[in-house]
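Dear colleague,

My notes on it follow.

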Amino acid sequence: MAEPQKALSGTFPVKPKLRAKSKKPSKTAESKYWSSFKSNTIPKLISSVTSISFSPAIPHHFAAAYSTSLTLFNSQTLGPVTSISSFKDVVSSASFRSDGLLIAASDHSGLVQVFDVKTRTALRKLRGHSRPVRLVRYPRSDNLHLFSGGDDAVVKYWDVASESAVVEFRGHKDYVRCGDGSPASSELFATGSYDHTVKVWDVRVSNSDPSMEINHGKPVEDVIFLPSGGLMATAGGNSVKIWDVIGGGKLLYAMENHNKTVTSVCVGKVGRDGGENSEEYRILSVGLDGYMKVFDYSKFKITHSMRFPAPLLSIGFSPDCATRAIGTSSGVIFAGKRKVKGDVESGLRVFPSLGLVEEPHKRVLRPSYFRYFHRSQGERPSEGDYLISKPKKAKMAEHDKLLKKFRHKDAFVSALNGKNPENVVAVMEELVARKKLLKCVANLDTKELGLLLAFLHRHSTVPRHAGLLMGLTKKVVQMRAEDIIASDILKAHIRNLKRSVEEEVRIQQSLQEIQGIISPLLRIAGRR
């Protein structure tokens, strides 16, 4: 008995080790879009960058607040344009007016100032806060008012022209750190505080009570309205939460993918290069863990993540989807710039000193021109052209190629050597249709016959294949009986096949007995 076992063990070759698959996931179209923002470092700032704000007007310059300075950077060249240094204390927040001509800034002395962007002149000085002001914002479409909040827990709504506070809101019990104006109405805005709450205020209401109050559960670091105006995002602790404003402040989702405190959030739009997700809005969040997360709030999932070598304090995204700026605690700004196709197609170029300059008009080739018919294959298609793409060739398996060449036995053996039983059964059915299956079985050598018997042992009792494989098993035993008797290896396969068939018969008999017990009970239950 020892010699057959030795022969049996030496017959089957050792399977080669499978190569480990790469754990790195393939990049999606949206992930490639966010990765296309090439990071450029803006160093040599004195201290941490606490606020970044983009101008709503073209060419969308952005302002960075750090130390006692407010610097405007060009969104195309990422170089400094101008700097405002007429502050007596640390600048905490900045906000552009909707036309981009004025910018409001607050500092720790409790003063809010409004500057002309071109001349850097302080046009208005709003005094009224007794402690550092952490928040100043212009409403989305109102050029005459702004609102501010600070460490005195007071929110003020200002008339800029008269330098006076129109309304004071005193609902918060701790420092007011952030706020945002509603895109649905210029009279609605929200403020977030270290008392864990976000309050929505309406300046049209005579009393100073908030129109709505939301409890974030942690000190609120930032709050933004989403573009529709019906949703709001709050950041505090290690979470960003989405709230339904129209539904009365109902919590929709809590994103807790940051390891440390989330310091700032903003809304970014996926441009035309984002594939299926083009022209959709995303929430960009940064935190002290150094990560920037991109959150798709329509599907409630993270679509992209990027790490930076310093704690992040502020983030801004340009309205034209071309520039992204992130401020850090180390005084460095990571500004990402990508090429916008719209600018190239429109024939406009941006120069730091001249702004937008129109390029000379290029002559368009038409079918009436001789050069039109001599274009090369490298010619780029125009907007109205119809592109004819080459059909992709279907990749055929080895057994399919052999069947195409009418090498039936080789195709059968190739399928048996594979690991997919569905392919083997498919090849068998094709050979039955061609009336070549029994001829292939008759021409198999001992090793190939062993492969067939091993396959029948594993899969002949599978219900979806049993009809074909059990009939084939009978034919194989009848046709190759002499070869099976002469080989100990083939005998071992037949014994294994016999055991599996007997086990399947016992299982079927047990199931029939159970069915015989259950059927009368079901019949009685159906009568009732």
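Tyrosine 291 is partly exposed, because its relative accessible area is 22% (buried means under 20%, exposed over 50% and partly exposed in between, with a 1.4 Å probe and protein chains only). Please note that this is a predicted model, in which local features need pLDDT of at least 70 and side-chain atom pairs count only at pLDDT 80 or more, while totals for chains, interfaces and linings use all residues. Residues are numbered from 1 along each chain as its sequence is written, and side-chain values use heavy atoms, with hydrogens and water left out.

Tyrosine 291 belongs to strand E24 (residues 291-296); helices (H or I, at least four residues) and strands (E, at least two) are DSSP runs numbered from the N terminus. Leaving aside residues up to four places away in sequence, tyrosine 291 touches His258, Ser285, Val286, Ser305, Met306, Arg307 and Leu312, where contact means heavy atoms within 4.5 Å. One of these, arginine 307, is 16 residues away from tyrosine 291 in sequence but 4.4 Å away from C-alpha to C-alpha. The face of tyrosine 291 has lysine 293 over it, at 4.7 Å from the ring centre (the criterion is NZ of Lys or CZ of Arg within 6 Å of the ring centre and within 35 degrees of the ring normal).

Turning to the aromatic residues, the structure holds 16 aromatic pairs. Rings of Phe, Tyr and Trp (its six-membered ring) pair if their centres lie within 6.5 Å; planes under 30 degrees apart count as stacked, over 60 as edge-to-face and the rest as tilted. Phenylalanine 54 and phenylalanine 62 form a tilted pair, at 5.1 Å centre to centre and 40° between the planes. Phenylalanine 54 is buried at a relative accessible area of 10%, and phenylalanine 62 is buried at 0%. Another tilted pair, phenylalanine 308 with phenylalanine 334, has its centres 5.1 Å apart and its planes at 40°. Phenylalanine 308 lies in the loop between strand E25 (301-307) and strand E26 (312-317), and phenylalanine 334 in strand E28 (residues 333-337), so the pair ties together parts that are 26 residues apart in sequence. Both partners are buried, phenylalanine 308 at 7% and phenylalanine 334 at 9%. Elsewhere, Phe147, Tyr157, Phe169, Phe189 and Trp201 form one aromatic cluster.

Strand E27 (residues 323-328) is mostly covered, with 6 of its 6 residues buried. Thr323, Ala325 and Gly327 point one way from the strand, and Arg324, Ile326 and Thr328 point the other way. E27 pairs with E26 in the antiparallel sense over 5 bridges (two strands pair if DSSP finds at least two bridges between them), and glycine 316 has alanine 325 as its bridge partner in E27. The hairpin of E26 and E27 has 5 residues between the strands, and cysteine 321 takes a positive phi near 60° there. E27 and E28 also run antiparallel, joined by 5 bridges, with alanine 325 opposite alanine 335 in E28. In their hairpin, which has 4 residues between the strands, glycine 331 takes a positive phi near 85°.

Finally, helix H9 (residues 463-479) has a kink of about 35° centred on leucine 469. Its buried residues are His465, Leu469, Leu472, Thr473 and Val476, and their cover includes helix H6 (421-434), helix H8 (446-459) and helix H11 (488-527). The bend at a residue is the angle between axes fitted to the seven residues ending there and the seven starting there.

Yours sincerely
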